[in-house]
Amino acid sequence: MKEILDKLGIKSENAGISTGQQSWEGGGGLIESYSPVDGQLIASVREASREDYDRVIEQALVAFREWRVLPAPKRGEVVRQIGDQLRAYKRELGTLVSYEMGKSLQEGMGEVQEMIDICDFAVGLSRQLYGLTMHSERPLHRMYEQWHPLGVVGIISAFNFPVAVWSWNSMLAWVCGDVCVWKASEKAPLSSIACQNIIREVLVRNGVPEGVSCLVTGGRDVGVWLSEDTRVPLVSATGSTRMGKAVGEAVGRRLGRSLLELGGNNAIIVAPSADLNIAIPGIVFGAVGTAGQRCTSTRRLIIHESIYEEVKQRLAKAYSQLRIGNPLDETNHVGPLIDQDAVEAYLAAAEEVRKAGGTFVVEPKVLEGPGYESGCYVAPCIAEVENHYSIVQHETFAPILYLIRYSTIEEAIELQNGVPQGLSSAIFTLSMRESELFLSHAGSDCGIANVNIGTSGAEIGGAFGGEKDSGGGRESGSDAWRAYMRRQTNTINYGNALPLAQGIKFDL
């Protein structure tokens, strides 16, 4: 690991403040990053003070004035080179992500690949920031709309995707002409510092203004500063619903914009016609991937009563074959939870299941012994529950899968929708009628609805996000770029008279 840290520029003590080319130690407290893999201290970072934060914002504002007038394809060229730089450091950054937050090495590498993919997407987007032209009701007039950059975009990211979510936001924001200030998760600060180190060469080589890519390391205070700062027109926040509500309220109070990608309580419906040979792997990956710490993790499994017992038995067998251990070992399926607080939440949720009357098909357990010294490893578990249980209505960031019966497809969809969250959903069925109903206006109320694939594993080409308590924001592909820009409608009079709209007469 030391060789990888050295290549990424991670030292025992790191500067947690960056404006792109320049970095410095913050004046706040010390964050020590311990790996949940083995409990070892990786390195430490000094948090930002309020003075550090204000210095970063002022530098970002200066950079914006220069960056916004650079042609969008030129900005896209910088992003293209960043994608190439990430390709060169894919294994090192993916390994650090895996070691610092605990996801499998394959998932860590996949996260960096997402960053590369969004760079490619953003490069093409830099030549496609299209507006519209409209016909005017007035003679010798032309109307059109165009899109302008907003300014400083604040990015608050979560520990479970410590680098990919930043790239979803920053690469699009940069080609749109914005500058970014990143508040990374204090649970995985080293991955964010590594990103700044990786792209610095590209920024310097291209003469990118100091302040286009900023990092402010810290805890909740930094998020509050961003949310309340009128100099930051857009705050994109990824995390829990509780956190998102606080951010949305603070940003809304000053009439700013927020892009919220929050928690999920994602369900898969398993219909009688489902091909279980593809459904079971999809369910298991969705439930135990990243140790159940994805916002798109499968939390609920809504199974038709005619195949309920078969699905339950096949899942129990699959869970018995899971290999839990060091995520850097690619033969393991499941790594650790992020920290002891997450373990306590897992145990508390299991106890709530029992109190509510649920029973476990696969028992919850904290793993001990050689290889589990960090105390963060738990066994993925399966419980039979009712959808209305309070604990089932809430998101627990842990590998707990809830089994629920249904009898009709209409009932299944009602159960799927019967939670406060609305991020990702899926159905396994070979019935066209069932799949089309699931995707119809009367179907899933989630931002993501899949057929014959699980709830996890979204591609960057589609807009990512959910409804209800999941926040309503959209990141990544499709037309999500519009969130980072302001729309302007223009009317041009090229005649020699001044006709007014709606036929109004104003004669002098």
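**Close-up views of a predicted model**

**View 1. Helices α4 and α5 are oblique to each other.** Helix α4 spans residues 90-101 and α5 residues 105-125. They pack at about 125°, with axes 7 Å apart. The crossing of α4 and α5 is right-handed. From α4, the contact (heavy atoms within 4.5 Å) takes in Lys90, Arg91, Leu93, Gly94, Thr95, Val97 and Ser98. From α5 come residues including Leu105, Gly108, Met109 and Glu111. The contact residues divide into 7 nonpolar, 5 polar and 3 charged.

This is a predicted model: local features need pLDDT of at least 70, side-chain atom pairs count only at pLDDT 80 or more, and totals for chains, interfaces and linings use all residues. Residues are numbered from 1 along each chain as its sequence is written, and side-chain values use heavy atoms, with hydrogens and water left out.

**View 2. Asparagine 332 sits in the loop between α11 (308-320) and α12 (340-356).** Asparagine 332 is buried, at 15% relative accessible area. Buried means under 20% (1.4 Å probe, protein chains only). A polar atom of the asparagine 332 side chain lies 3.0 Å from the backbone oxygen of asparagine 326. Beyond neighbours within four places in sequence, asparagine 332 contacts Arg323, Ile324, Gly325 and Asn326.

**View 3. Serine 126 lies in the loop between α5 and β6 (133-135).** Serine 126 counts as buried, at 4% relative accessibility. Leaving aside neighbours within four places in sequence, serine 126 touches Ala72, Pro73, Gly76 and Val175.

Notes. Axes fitted to C-alpha atoms, helices over the stretch in contact; angles between N-to-C directions. Helix = DSSP H or I, 4+ residues; strand = E, 2+ residues; numbered from the N terminus. Parallel < 35°, antiparallel > 145°, perpendicular 65-115°, else oblique. Left-handed = near helix turned anticlockwise from the far one by under 90°. Nonpolar A, V, L, I, M, F, W, Y, C, P; charged D, E, K, R; others polar. Buried < 20%, exposed > 50% of the residue type's maximum accessible area, 1.4 Å probe, protein only. Polar contact = N/O pair within 3.5 Å; in protein donor to acceptor, adjacent residues only side chain to side chain.
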